[in-house]
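We will go from stop to stop, and each stop says what to select.

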Amino acid sequence: MSDKLKKIFNACNPNNPADEKYYTDCRKARGGDILARKVQARLDYIEHSYLRFLFTGHIGSGKSSELLHLGNLLKKDTNFFPVYVDVRDYVNLENVTLEEILLAIAVEISDAFQKDLNITLKNSYFEEKFGEVKNLLLTKRKFTKIEVSLFGLAKGEIQEIKQNDEAKRRLFEAIAKDNRSLLDELNLFISKAQLELAKSDSAFTKIVIMVDSLEKIQKFEANTNVIDSHKELFIERNDKLTGIEAHTIYTVPLSLYRSDASPKLLHYYGDVLPLPMVKIFHRGKFNSEYEEGCKAFKEILTKRLGEISLTEAFEDKALDFLVKYSGGNLRNLMLFIQEAIISSDELPINFKTARKSIQPTVRAYAASIKESAYPKLVALDENPKQQIDTEDDSFWTMLENLTVMEYANGDDTNSLDDSWYAVNPVVYEVGKFQTAKEEFQKSKRKSKK
């Protein structure tokens, strides 16, 4: 039994995005087209220019899984060659520079060409710059012979630079020393890569670069706070991000997209796609299950658990509880299941254990929600239209930390304005929210007398 518990625990690692084997199409429960269809349609139509696309959504909503799914579809069905870049592999999110992002893109292009197409891309500029830090990294660890050389280093060595202050300092001193634009060098490299692509016997003719985790950046260059950092990168430096001469997709913070900077994002990049939560319950009706969303989440778990069936892993009531209280956020569901596994000695997981699994999250929200927020949360919960006051900055903060969740209708509707918001189900279990709810209802009853 312990082996099965261990397997479920690892299958539900919230840090592992779903690869194609585990991917589940949740578009109906999200209320619209998924990323892949939106991007593919634009790629099919665009001529004589490059696609600039921003992708956003709540933490844990499935952005990385959607990007990986897009990459797989492009490889199978199109002439566009996808290059997926997770900047977390190359940068310290607490201290990021534009140069690090550009270098990460160059490394991942080289790696993807080598692994997927067996094409070795040479570049004297990048080889020279990484050569400046080679001796600093070789003393740290040894790499196996199967690791290919990317600009004279193994990929793992390049990724080490983010943790090696001396190597990072020397690398960027070398870049600054010759006064050559790193963006220009990257574009020259991309141009040569495109030529190699055209000469190859593959079906691919154009590169699509997908840069993930940019929304997780906490500090960008000289900026001292998160919002200013995001504005600096996406707004003030838009000419650099849009200056890459290939089709590009970037993940952008939901808070920036929902701020007064949103029109500028649309102006500079052309399109922004927010990824709503998977709808688990009907709008304004927490206890009314939305079948498509619940079915999608159970399908995801079925794929992840493999030969362990859902009925073997969970009591029906326990699984329904975990799905419902995830609020349609897959990361939350995975975290709750892992917490339940830690507290379990046997399968199936029962309702009591499932309910106990959300307790750490309940405690976290109880400690973080400001007193002034509870009346607002109750008012949102009581409002059948489920709308927020867009002039109240506290709601943007609560959206950012998932106290409030955003959905698209997901039902058949003629309304073009179908976004709605709901209190995170976990917050229902916070004592102060329950007290505020009781006071609201008492006041409502009094006003009717």
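Which residues form one aromatic cluster? Select Phe281, Phe286, Phe321, Tyr325, Phe351, Tyr407, Trp420, Tyr428 and Phe433: they form one aromatic cluster.

Before moving on, some ground rules. This is a predicted model, in which local features need pLDDT of at least 70 and side-chain atom pairs count only at pLDDT 80 or more, while totals for chains, interfaces and linings use all residues. Residues are numbered from 1 along each chain as its sequence is written, and side-chain values use heavy atoms, with hydrogens and water left out.

**Stop 1: ring pairs**

The structure holds 17 aromatic pairs. Rings of Phe, Tyr and Trp (for Trp, its six-membered ring) pair if their centres lie within 6.5 Å; planes under 30 degrees apart count as stacked, over 60 as edge-to-face and the rest as tilted.

Select Tyr250 and Tyr269. Their ring centres are 6.5 Å apart and their planes stand at 75 degrees, so this pair is edge-to-face. Tyr250 lies in strand 6 (residues 247-251) and Tyr269 in helix 14 (residues 262-269), so the pair ties together parts 19 residues apart in sequence. Helices (H or I, at least four residues) and strands (E, at least two) are DSSP runs, numbered from the N terminus. Tyr250 is buried, at 0% relative accessible area. Tyr269 is buried too, at 3%. Here buried means under 20% relative accessible area, exposed over 50%, and partly exposed in between (1.4 Å probe, protein chains only).

Now select Tyr407 and Trp420, two members of the cluster. Their ring centres are 4.6 Å apart and the planes are at 20 degrees, so the pair is stacked. Tyr407 sits in strand 10 and Trp420 in strand 11 (residues 419-423), so the pair joins parts 13 residues apart in sequence. Tyr407 is buried at 1% relative accessible area, and Trp420 is buried at 0%.

**Stop 2: charges over rings**

Select Lys317 and Phe351. The charged end of Lys317 sits over the ring of Phe351, 4.5 Å from its centre. The rule asks for NZ of Lys or CZ of Arg within 6 Å of the ring centre and within 35 degrees of the ring normal. Next, select Lys279 and Tyr290. The charged end of Lys279 sits over the ring of Tyr290, 4.3 Å from its centre.

**Stop 3: helix 17**

Select residues 316-326, which make up helix 17. Which of its residues are buried? They are Ala318, Leu319, Phe321, Leu322, Val323, Tyr325 and Ser326. An α-helix has 3.6 residues a turn, so residues three or four places apart point the same way.

Show the neighbours as well. The buried residues of helix 17 pack against strand 9 (285-289), helix 15 (291-305), helix 16 (310-313), helix 18, helix 19 and strand 10. Contact here means heavy atoms within 4.5 Å. Gly327 follows helix 17 and has a positive phi, near 70 degrees.

**Stop 4: salt bridges**

How many salt bridges are there? The count comes to 29. Each is a side-chain nitrogen of Lys or Arg within 4 Å of a carboxyl oxygen of Asp or Glu.

Select Glu307 and Lys7. Their closest N and O atoms are 2.6 Å apart. Glu307 is in the loop between helix 15 and helix 16, and Lys7 is in helix 1 (residues 2-11), 300 residues apart. Glu307 is exposed at 64% relative accessibility, whereas Lys7 is partly exposed at 33%.

Select Arg258 and Glu406. The closest N and O atoms of this salt bridge are 2.0 Å apart. Arg258 lies in the loop between helix 13 (254-257) and helix 14, and Glu406 in strand 10, so the pair ties together parts 148 residues apart in sequence. Glu406 is buried, at 7%.

Finish this stop with Glu128, Lys129, Asp178, Arg180 and Glu185, which are linked in a network of salt bridges.

**Stop 5: backbone details**

Select Leu347 and Pro348. The peptide bond between them is cis, with omega near -5 degrees. Pro348 lies in the loop between helix 18 (330-342) and helix 19 (351-357).

Last, select Phe151. Phe151 is not a glycine, yet its phi is positive, about 60 degrees. Its place is the loop between strand 3 (149-150) and strand 4 (153-154). Phe151 is buried, at 3% relative accessibility.
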